[in-house]
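Subject: Structure handover

Hello,

Here is the structure I promised to pass on. Please open it first, then read my notes below.

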Number of protein chains: 2
Amino acid sequence: MKIGILGTGMVGRAIASKLVELGHEVCMGSRAAGNESALAWAAQAGEGASEGVFADAAGFGEVVFNCTAGLGSLDALAAAGEANLAGKVLIDVANPLDFSQGMPPSLSVCNTDSLGEKIQRAIPAARVVKALNTVNCEVMVEPARVPGEHVVFVCGNDSEAKDEVTRLLGEFGWPAERVLDLGDVTAARGTEMYLPLWVNIMGQLGTPHFNIEVAREVDSVDRQGA
Amino acid sequence: MKIGILGTGMVGRAIASKLVELGHEVCMGSRAAGNESALAWAAQAGEGASEGVFADAAGFGEVVFNCTAGLGSLDALAAAGEANLAGKVLIDVANPLDFSQGMPPSLSVCNTDSLGEKIQRAIPAARVVKALNTVNCEVMVEPARVPGEHVVFVCGNDSEAKDEVTRLLGEFGWPAERVLDLGDVTAARGTEMYLPLWVNIMGQLGTPHFNIEVAREVDSVDRQGA
């Protein structure tokens, strides 16, 4: 599959490298031509790796990942161009983290709106799926690094797009039963607002390589039988 | 131990009943004398159960639980009276959920502040510990209802107060290793902002009787040895 990656940071490089390993063709997009991080990535990622500006990557991909920093995502997507994204699955991995006031970061949007919703409104022709933003990028592409039945979430307005993302997550190593569908794109509020807790848990554990499992009670029928 | 419970809703009744079962003396406080829910609870909870206004419950308790609805918590605590809370552990179980615009609820405070922090600022002489607000009230007092090593969080500025809350949570059935200390009271932002995700997961599972486990990678040394 041809996949566009918007963003050249840790998250973009981790996902782009994994996709190349899996045999996909990947174009990494950055704001301006000649981005050093993108050039270095394309040079070492091997066959199937290329780079360009945001519009190049968006036009190249049958599926596009938004891996830009949340505060810059809307500008990046505007540069990518609505026509290059129309009808495509746009996987939004970004979090609207604002570090301008130091640690802990705050969110630039939350509560009654979210970055995922802003992106869907800004590019109505894209099929936005919020995913993977609740785990560190190394865990995104190697879930077995953390033991247990930990989960990731998808949400978005297009069910087929969520199915396609779930298949891609399967290639990353996330079994379908560990991909929880939280509903339409407004559920991005929840997964983005989880970030402050994520930051605090990271501080408590001393590592970003963790994730949450969801444990639920056994059915009441089973309880009565037990 | 003598314990005050502020609030007569599901959460207050669940915690108050559990504490009476455990052999504590419990006074449930409400806004106005003669609250039907509090009277009914005191009548059926048995030996050790009493009720009164917020100030009665706060004055009675050596430890006080805030189980009021988040939007009313500051008023309830003002009515309880700073003098009745001075030096005491005040366990804040509330979430600032605003249902005035329907479902899903929003938070009346979040991101750069939290209800837990507002309460600590409003009553500086109280030793506020935010706890239990990330689980349904039936899970709070019967964690074994959900299988697995799922966790709860504590945060607050007073370490001894957190230790005391951790001991009380142990009486509820939460082993100390499943009580994660997230740091000072500003971490209440994270546990309160988790609520929108909690609401979405509840919708996906169809039950409020769930909770999260935290899985972390094995140490890198172990990884290399493996």
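First, a term: pLDDT is the predictor's confidence in each residue, from 0 to 100. Chain A has a mean pLDDT of 96, and 97% of its residues reach 70 or more. The model scores are ipTM 0.96 and pTM 0.96.

Some ground rules. This is a predicted model, where local features need pLDDT of at least 70 and side-chain atom pairs count only at pLDDT 80 or more, while totals for chains, interfaces and linings use all residues. Residues are numbered from 1 along each chain as its sequence is written, chains are lettered from A and ligands numbered from 1 in the order in which they are written, and side-chain values use heavy atoms, with hydrogens and water left out.

**The two copies**

Two copies of a chain are related by a rotation about an axis and a shift along it. How is chain B superposed on chain A? A rotation of 180° does it, with 0.0 Å of shift along the axis and an RMSD of 0.0 Å. Contact here means heavy atoms within 4.5 Å.

**Helix pairs**

Two packed helices are described by the angle between their axes and the distance between the axes. Helices (H or I, at least four residues) and strands (E, at least two) are DSSP runs, numbered from the N terminus. Axes are lines fitted to C-alpha atoms, for helices over the stretch in contact, and angles run from 0 to 180 degrees between N-to-C directions.

Start with H1 (residues 10-21) and H2 (residues 36-45) of chain A. Their axes come within 11 Å and cross at roughly 20°. That makes H1(A) roughly parallel to H2(A). The cut-offs: under 35 degrees is roughly parallel, over 145 roughly antiparallel, 65 to 115 roughly perpendicular, and the rest oblique. H1(A) passes H2(A) in a right-handed crossing. Right-handed means that the near helix is turned clockwise from the far one by less than a right angle; anticlockwise is left-handed.

Which residues make the contact? H1(A) gives Arg13(A), Ala16(A), Ser17(A) and Val20(A), and H2(A) gives Ser37(A), Trp41(A), Gln44(A) and Ala45(A). They divide into 4 nonpolar, 3 polar and 1 charged. Nonpolar covers Ala, Val, Leu, Ile, Met, Phe, Trp, Tyr, Cys and Pro; charged covers Asp, Glu, Lys and Arg; the others, Gly among them, are polar.

Next, H4 (residues 73-80) and H6 (residues 115-122) of chain A. Their axes come within 10 Å and cross at roughly 25°. H4(A) and H6(A) are therefore roughly parallel to each other. H4(A) passes H6(A) in a right-handed crossing. Ser73(A), Leu74(A) and Leu77(A) of H4(A) meet Leu115(A), Lys118(A), Ile119(A) and Ala122(A) of H6(A). This contact has 5 nonpolar, 1 polar and 1 charged residues.

Chain B has its own H4 and H6 pair. Here too the axes come within 10 Å and cross at roughly 25°. H4(B) passes H6(B) in a right-handed crossing.

**Backbone points**

Most residues other than glycine have a negative phi, and most peptide bonds are trans. The bond from Met103(A) to Pro104(A) is cis, with omega near -10°. Pro104(A) is in the loop between strand E6 (97-98) and strand E7 (106-107) of chain A. In chain B, a cis peptide bond joins Met103(B) and Pro104(B), with omega about -10°.

Asn111(A) is not a glycine, yet has a positive phi of about 80°. Find Asn111(A) in the loop between E7 and H6 of chain A.

Best wishes

Conventions
Least-squares fit on C-alpha atoms with pLDDT ≥ 70 in both.
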